[in-house]
Amino acid sequence: QVYVAESGGGLVQAGGSLRLSCTASGNIASVGLMSWFRRFPGKERELVASITSTGTTNYADSAKGRFTISRDYRLNMVFLQMNNLKADDTSVYYCEAIVRPTGVSGANNFWGQGTQVTVSS
């Protein structure tokens, strides 16, 4: 079993900051790409930022210059530092981890339950 869990969401005023954390745990042989997505009502989840196992990062245009993704490879964690938050950033944020479980030859993607971020204007 592989588990992915997010934390760190909450209510913040516009212009404020939040740091989201995500941990992949369980029977893990290796973790590849780790990503943050968000979903707005009635829409598909959209990529916010991702980071590969070698540290290459990718950001949505809306996140560039305000959000920073980072990882703790030893603990299988990924973080999203969000600064200068705007009301439009209000959403549920989801963590995705590409994980190769122990005893399995291939990798699968695993999702967390999501954490709510609310930015008041």
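Modeller: Gladly, and keep in mind that the model is predicted. Let me begin with Thr 68: leaving aside neighbours within four places in sequence, Thr 68 is in contact with Tyr 59, Phe 79, Leu 80 and Gln 81.

Colleague: What makes Thr 68 and Tyr 59 a contact?

Modeller: Contact means heavy atoms within 4.5 Å. Tyr 59 is listed as a contact of Thr 68, so the pair has heavy atoms within that cut-off.

Colleague: Why is Thr 68 called partly exposed?

Modeller: The relative accessibility of Thr 68 is 41%. Buried means under 20% and exposed means over 50%, so Thr 68, at 41%, counts as partly exposed.

Colleague: Thanks! And why does Gly 114 count as partly exposed?

Modeller: Its relative accessibility is 25%. Buried would need a value under 20%, and exposed one over 50%, so Gly 114 counts as partly exposed.

Colleague: Where is Gly 114 placed, and what does Gly 114 touch?

Modeller: Gly 114 sits in the loop between strand 10 (108–111) and strand 11 (115–120). Not counting residues up to four places away in sequence, Gly 114 touches Glu 6, Val 92, Tyr 93 and Tyr 94. As for Glu 96, 18 residues apart from Gly 114 along the chain, the two C-alpha atoms are separated by 9.8 Å.

Colleague: Turning to the whole chain, how do you know that its radius of gyration agrees with a compact globule?

Modeller: For 121 residues, a compact globule would have a radius of gyration near 14 Å. The protein chain has 14 Å, so the value agrees. The C-alpha atoms fill a box of roughly 50 × 25 × 20 Å along the principal axes.

Colleague: What is the secondary structure of the protein chain, and how much of the chain is buried?

Modeller: The protein chain has 0 helices and 11 strands. Buried residues make up 40% of the 121 residues.

Colleague: And what share of the contacts with a separation of 6 or more joins residues 24 or more positions apart?

Modeller: That share is 54% in the protein chain.

How values were computed. Residues are numbered from 1 along each chain as its sequence is written. This is a predicted model: local features need pLDDT of at least 70, side-chain atom pairs count only at pLDDT 80 or more; totals for chains, interfaces and linings use all residues. Side-chain values use heavy atoms; hydrogens and water are left out. Helices (H or I, at least four residues) and strands (E, at least two) are DSSP runs, numbered from the N terminus. The radius of gyration is taken over C-alpha atoms; the globule rule is 2.2 Å times the number of residues to the power 0.38. Buried means under 20% relative accessible area, exposed over 50%, partly exposed in between (1.4 Å probe, protein chains only).
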